[in-house]
Amino acid sequence: HGALRWYPLRASGLRGLSGPKDLGRPPAASFDYPAGAPLMRVFMISPDLTIENVTYQYALNDVHYRWLSDSIDAARAEGIRWVVVGMHYPCISASNSGCPIGQALFNLLLQKKVDLVLGGHHHNYQRSKQLALAPGTCPSFVLGGFDQDCVVDSGAGVMEKGAGTVVQVVGTFGRSGSSIKPDDPELPYFVSTAGTGNGVMTYTVTPDRLDANFVPSVGSVTD
């Protein structure tokens, strides 16, 4: 539930299931967009999910963590301009949910400066400010609270590529109504939230820009 929908990118440059085979089933899929001369690589991973009796944790330095880390590095080395990682559970949210994917994985995504991290689960819309780790001031992301030192851009305008990571929770295609908690200590990490309304995200990808636009189908959510 709260599934991500990739309408602008689907069926284009699909790389198929990939990842370590030691546990029987690959834990991830990735695809490039566009197929011929890719500008973006999208990794869909499965932390804290059980698939065919195997639970994937992406714990610090386990086989799945290392695979994702190496795969992000490989995408950068190949000159892929934009790296996106999607999963079911978000780590941060304004819905009082904790971080089921684990802090080690979230720190990795920020350390690698993944451009966009996508999550579902909550039936609402949330977009974070641009986040990053910084030696001395934000060496590990602060969960269950707010640390301004982990924010590099307010997210109110055009953000600088490579400066950090934006988190989007897009659980708005099915039912809506998972509330945004005004007392959630992680709420200040977010620049845009909506607890009601339906719609999908569209993305326009160029070598220099990644533009996102929320298209509402029910309600008046815009971002």
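Predicted model: local features only at pLDDT ≥ 70, side-chain atom pairs only at ≥ 80, totals over all residues.

Q: How many aromatic pairs does a search of the whole structure find?
A: The search finds five aromatic pairs.

Q: What is the geometry between Phe-106 and Phe-141?
A: Their ring centres are 5.1 Å apart, with 80 degrees between the planes. That makes the pair edge-to-face, because the angle is over 60 degrees.

Q: Where do Phe-106 and Phe-141 lie?
A: Phe-106 is in helix α2, residues 103-111, and Phe-141 is in the loop between β9 (130-131) and β10 (151-153). The pair therefore ties together parts that are 35 residues apart in sequence.

Q: Phe-106, buried or exposed?
A: Buried, at a relative accessible area of 1%. Phe-141 also counts as buried, with 2% relative accessibility.

Q: And how are the rings of Phe-141 and Tyr-189 arranged?
A: The centres are 4.6 Å apart and the planes are at 35 degrees, so this pair is tilted. Tyr-189 is in the loop between β11 (166-170) and β12 (190-194), so its pairing with Phe-141 ties together parts that are 48 residues apart in sequence.

Q: What is the relative accessible area of Tyr-189?
A: Tyr-189 has 0%, so it is buried.

Q: Which residues do ring pairs link into a cluster?
A: Phe-106, Phe-141, Phe-146 and Tyr-189.

Q: Changing topic: what sits over the ring of Trp-82?
A: The charged end of Lys-161, at 4.3 Å from the ring centre.

Definitions and conventions:
Residues numbered from 1 in each chain as written. Heavy atoms only, no water. Phe/Tyr/Trp six-rings, centres within 6.5 Å; stacked < 30°, edge-to-face > 60°. Helix = DSSP H or I, 4+ residues; strand = E, 2+ residues; numbered from the N terminus. Buried < 20%, exposed > 50% of the residue type's maximum accessible area, 1.4 Å probe, protein only. Lys NZ or Arg CZ within 6 Å of the ring centre and 35° of its normal.
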